[in-house]
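Reader: Hi! I'm new to reading protein structures, could you walk me through one?
Author: Happy to, let's bring it up.

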Amino acid sequence: MKIMNKHFHIKSGLWRNLLIFGGLLLFAVFQAMSLGGQTGHPQTDVHHKNVQDTVPKAAFNAGEFIIDHIVDAHEWHILSVGDFHLTLPLPVILWHKGALHVFMSSRFNHGHAQYKGFAIANEGDNKGKIVEMLTVHPQDDQRITMVENEELPLDFSITKNVCSIFISVILLTWLFVSIARTYRRRSGKAPKGIQSLLEPLILFIRDDIAKGSIGEKKYERYMPFLLTLFFFIFLNNLLGLVPIFPGGANVTGNIAVTGVLALFTFFITNLSAGRSYWMHIFNTPGVPWWLKMPLPLMPIVELFGMFTKPFVLTVRLFANMTAGHIIVMGFFSLIFIFGEMSLGAGYSISVVSVVFAIFMYVLELLVAFIQAYVFTLLSALYFGMATEEGH
Amino acid sequence: MELVSPGIGLIFWMTLAFGTLLLILGRFAWKPIMKSLTEREDSIDEALHQADKARQEMLDMKFSNVQLLAEAKEERDALLQQARVIKDKIIEEARESATAEANRIIESAHETIENDKKAALVDLRNQIAMLSIEIAEKVLQRELDSKEKQNAYADELIRKTSLN
């Protein structure tokens, strides 16, 4: 049984327990007291299972376990029972040596098989990436050995995160287009249903973020981006907390995703920047001339600042979301680390782990909103700086 | 370190997906939503303004109503006062004319009575004169046969006449 499996069981158990918090505690305490009892609790009945089916009895590696769940994957693992793995195979799209290769990730048989000379690297620097396997015939040996080609193919696969992004794009489109229809149908009337749930958020972004940071006159132009940005981040933060299928992908905890979002902010900022903004960078007002004249110290610092802003946006969201996931996974790892020492210790620590994980989950719900808010607010502030007219 | 090294595939798909989302939502969701939000706010603003105006108007109307009522009351009082004066005058006039009429009637009655009395007296005098003449005739017829008797009778007659 794979690690994934444990993760799934733990998370799904946890999710349910979030709703029946009190019941869980009693149940968990009872279980901890009757050590070794075979009545299965979702988070503990996987305890006996091996960490990896390829390497039975291998020592539990918490770092690997956690990273495996945080990074992207070429297939979407849903559940494993024994040797049966329910996964959603996703399309692999590779561009290598001038040729396009498209096939389903199920061809790799969960990373155990090669297809068209490609395979998923199980270890090394390229672990988790698709590499080309080359056949080499060492001269002094008749056996054929396979080595990874150092030149990696360009991987445009629809990975777990890409798939999750598509799902959230479809969700957001459906949600807001239907809300827009409601707005049109009930124009001038009080909000109703899902419309009244999201209207406070829309108004919050408009009145507190956009109007406050950009100003009454120019905020309207940036509203579509700010709203899309906020709801995209918020939805993906929340989906990342859901352990079962449509959720579970760590989209906003992926540096490529947050980087693209920050790049959007960067380009919009610089493309809509006015004279005052560039003045501020190349001829900063209120700074002594010798900081600009022979050696353009201030312009260099300001120019550097132009690029640190999106970088900071990227890292903040990525680090916050990833850290939350790491901590939750860390608590669950404790169960297996202690479980390897003794069965009783594993069961006992599970109570503590679950309680702490629940606490983290609640905190993460808050962080999901705060990070979406902060990213949107900072983007709006940068737009405000760019469009600001001279004092 | 896959964790901190962005993959080209994800960057490509993310840019495509987010860009598309931005275009679709911008065109089909945010535009109508923002528009109807603004419209609703404007209409609420307008409605509040209207309500304020209506309240002010009501207040004004109330004030003018009170004024009107007061005026009406005053007018009524004045009318009543006038009516009372007119009534008094009419009664006074009626009384005066009635008195005058009564006086006139009494006057004419007096006159009639006086006239009747005078007529009666004249009639009586005439009758007395006639009777006197008749009596005198009879006396004369009876007594004038003797001289003494004539004298005595004349005396008697004179006595009787002076008694009248």
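Author: One term before we start: a residue is buried if 20 or more other C-beta atoms lie within 10 Å of its own, exposed if 12 or fewer, and partly exposed in between, with C-beta atoms placed from the backbone. Also, this is a predicted model, in which local features need pLDDT of at least 70, side-chain atom pairs count only at pLDDT 80 or more, and totals for chains, interfaces and linings use all residues. Residues are numbered from 1 along each chain as its sequence is written, and chains are lettered from A and ligands numbered from 1 in the order in which they are written.

Reader: Thanks! Is A:K97 buried or exposed?
Author: A:K97 is exposed, because it has 10 other C-beta atoms within 10 Å.

Reader: And where does A:K97 lie?
Author: A:K97 is in the loop between β3 and β4 of chain A. Strands (E, at least two residues) and helices (H or I, at least four) are DSSP runs, numbered from the N terminus.

Reader: What about the phi of A:K97?
Author: The phi of A:K97 is positive, about 50°, although the residue is not a glycine. Most residues other than glycine have a negative phi. A:N109 also has a positive phi, near 50°, and is not a glycine. You'll find A:N109 in the loop between β4 and β5 of chain A, and A:N109 is exposed, with 12 other C-beta atoms within 10 Å.

Reader: How do β3(A) and β4(A) pair?
Author: Strand β3 (residues 91-96) of chain A and β4(A) are antiparallel, with 6 bridges. Two strands pair if DSSP finds at least two bridges between them. One bridge partner of note is A:V102 in β4(A), which goes with A:I93. The two strands form a hairpin with 2 residues between them, and A:K97 is in that turn.

Reader: Which strands form the open sheet?
Author: That sheet has 3 strands of chain A in the order β5-β6-β7, with antiparallel pairing. Its edge strands are β5 (118-120) and β7 (145-148), each pairing on one side only. Between β5(A) and strand β6 (residues 130-136) of chain A there are 3 bridges, and A:A119 has A:V131 in β6(A) as its bridge partner.

Reader: Switching to helices: how do α6(A) and α10(A) cross?
Author: The axes of helix α6 (residues 223-241) and helix α10 (residues 343-387) of chain A come within 9 Å and cross at roughly 160°. That makes α6(A) roughly antiparallel to α10(A). Axes are lines fitted to C-alpha atoms, for helices over the stretch in contact, and angles run from 0 to 180 degrees between N-to-C directions. Angles under 35 degrees count as roughly parallel, over 145 as roughly antiparallel, 65 to 115 as roughly perpendicular and the rest as oblique.

Reader: Which residues of α6(A) meet α10(A)?
Author: Among them are A:L226, A:F230 and A:L241 in α6(A), while the α10(A) side includes A:Y361, A:F369 and A:A380. Two residues are in contact if their C-beta atoms, placed from the backbone, lie within 7 Å. By class, this contact of α6(A) with α10(A) has 14 nonpolar, 4 polar and 1 charged. Ala, Val, Leu, Ile, Met, Phe, Trp, Tyr, Cys and Pro count as nonpolar, Asp, Glu, Lys and Arg as charged, and the others, Gly among them, as polar.

Reader: What angle do α7(A) and α10(A) make?
Author: Helix α7 (residues 255-271) of chain A packs against α10(A) at about 15°, with the axes 8 Å apart. They are therefore roughly parallel to each other. In α7(A), A:T265, A:I268 and A:T269 meet A:S379, A:Y382, A:F383 and A:A386 in α10(A).

Reader: And α4(A) with α5(A)? What is the angle there?
Author: Helix α4 (residues 160-185) and helix α5 (residues 194-214) of chain A pack at about 100°, with axes 10 Å apart. These two are therefore roughly perpendicular. A:I179, A:T182 and A:Y183 of α4(A) make the contact with A:I194, A:Q195 and A:L198 of α5(A).

Reader: Last one: how many residues does each chain give to the contact between chain A and chain B?
Author: Chain B gives 31 residues and chain A gives 40. On the chain B side, 21 are nonpolar, 7 polar and 3 charged.
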